[in-house]
Amino acid sequence: VSGYPSWILTNAEGDVLAPLSGPRTTEGFATLMQGAADYMELAGKAELTAAEATKLFLIKLGMGKFDFDQAKAEAAKLSDVSEEDQAKIDDALLGMEIVSLGPKARTPEAAAAAGQAYAEMMANGREPKEGETQAFQMFYILMMEYANQSDDVALFEKALAKMRTVFGENPQAARFFEAREKQLAELKARAGAGD
């Protein structure tokens with residue numbers, strides 16, 4: 001549970017069968033119930049086809065059943081994965097990797113270290129897809145922390161632009177962007193003074 005309210009479906013033993021990841025509508029709850037039914041059907045099978053194994057793995061990923069290392073190991077066991085499913089797996093693993101590299105302490109140094117790792121990932125063409133996800137926000141917010149501490153104006157601007165693509169129209173994010181614009185102006189002033 002990462003927010004309030006959160007909706008999950010459990011069995012009688014309290015095991016999570018499916019989270020509600022879509023809208024809180026009749027359709028969203030129908031999808032929740034179908035996800036739980038799919039999980040129970042596949043998890044109860046003695047033998048799975050390659051397609052069924054991939055589907056079960058994706059369901060478990062969505063349920064948070066694995067940490068990053070476990071997910072990588074389980075993904076390596078899959079065979080005959082379709083391009084569409086492989087893209088979903090790759091996106092999920094990247095998101096998990098980003099979260100796993102997050103700061104272990106609430107300090108500016110830890111945030112900058114994570115941001116540096118993210119900047120290196122981005123330089124190698126590895127970025128999370130645009131979306132309101134924990135991984136997306138961590139990736140670019142902590143990258144801005146690293147850019148600010150290392151006086152990298154271009155990197156700060158790039159990370160801020162990515163955040164604007166998703167949250168720029170959200171009135172609740174107005175203060176965030178005001179603070180970041182002020183930080184960027186201070187960063188540019190420092191960088192200009194160092195020329």
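## Helix packing and cores in a predicted model

Gln183 counts as buried because its relative accessibility is 16%, where buried means under 20% relative accessible area, exposed over 50% and partly exposed in between (1.4 Å probe, protein chains only). This residue is placed in helix α8 (residues 174-193); helices (H or I, at least four residues) and strands (E, at least two) are DSSP runs numbered from the N terminus. Apart from neighbours within four places in sequence, Gln183 is in contact with Glu145, Asn148 and Phe156, contact meaning heavy atoms within 4.5 Å.

The model is predicted: local features need pLDDT of at least 70 and side-chain atom pairs count only at pLDDT 80 or more, whereas totals for chains, interfaces and linings use all residues. Residues are numbered from 1 along each chain as its sequence is written, and side-chain values use heavy atoms, with hydrogens and water left out. The chain has a mean pLDDT of 87, with 92% of its residues at 70 or more; pLDDT is the predictor's confidence in each residue, from 0 to 100.

The largest nonpolar core holds 28 residues, of which Ile98, Tyr118, Phe139, Tyr140, Met143, Phe156 and Met163 touch the most other members. Such a core is a set of buried Ala, Val, Leu, Ile, Met, Phe, Trp, Tyr and Cys residues joined through side-chain atoms within 4.5 Å. At least two residues of this core come from each of α4 (83-100), α5 (108-123), α6 (134-149), α7 and α8, and α6 gives the largest share, nine residues. A second, separate core has 10 residues, including Leu61, Ala75, Ile89 and Met96. In soluble globular proteins, nonpolar side chains tend to be buried together.

Two helix pairs are described next. Axes are lines fitted to C-alpha atoms, for helices over the stretch in contact, and angles run from 0 to 180 degrees between N-to-C directions. Angles under 35 degrees count as roughly parallel, over 145 as roughly antiparallel, 65 to 115 as roughly perpendicular and the rest as oblique.

| Helix pair | Axis distance | Angle |
|---|---|---|
| α2 (residues 50-63) and α4 | within 11 Å | roughly 30° |
| α6 and α7 | 8 Å | about 155° |

Helices α2 and α4 are therefore roughly parallel to each other. Their contact is made by Thr54, Phe57, Leu58 and Leu61 of α2 with Asp85, Lys88, Ile89, Ala92 and Met96 of α4. By contrast, α6 and α7 are roughly antiparallel to each other. Among the residues that meet there are Phe136, Tyr140 and Asn148 in α6 and Leu155, Phe156 and Met163 in α7. Tyr140 is also in contact with Met122, Glu127 and Pro128, among others, when neighbours within four places in sequence are set aside.

Two residues other than glycine have positive phi. For Asp80, phi is near 50°; this residue lies in the loop between α3 (68-77) and α4 and counts as exposed at 72% relative accessibility. For Asp151, phi is about 55°; Asp151 is found in the loop between α6 and α7 and is partly exposed, with a relative accessible area of 41%.

Ser100 belongs to helix α4 and is partly exposed, at 32% relative accessible area. Ser100 and Phe68 are 32 residues apart in sequence, yet their C-alpha atoms are 6.9 Å apart in space.
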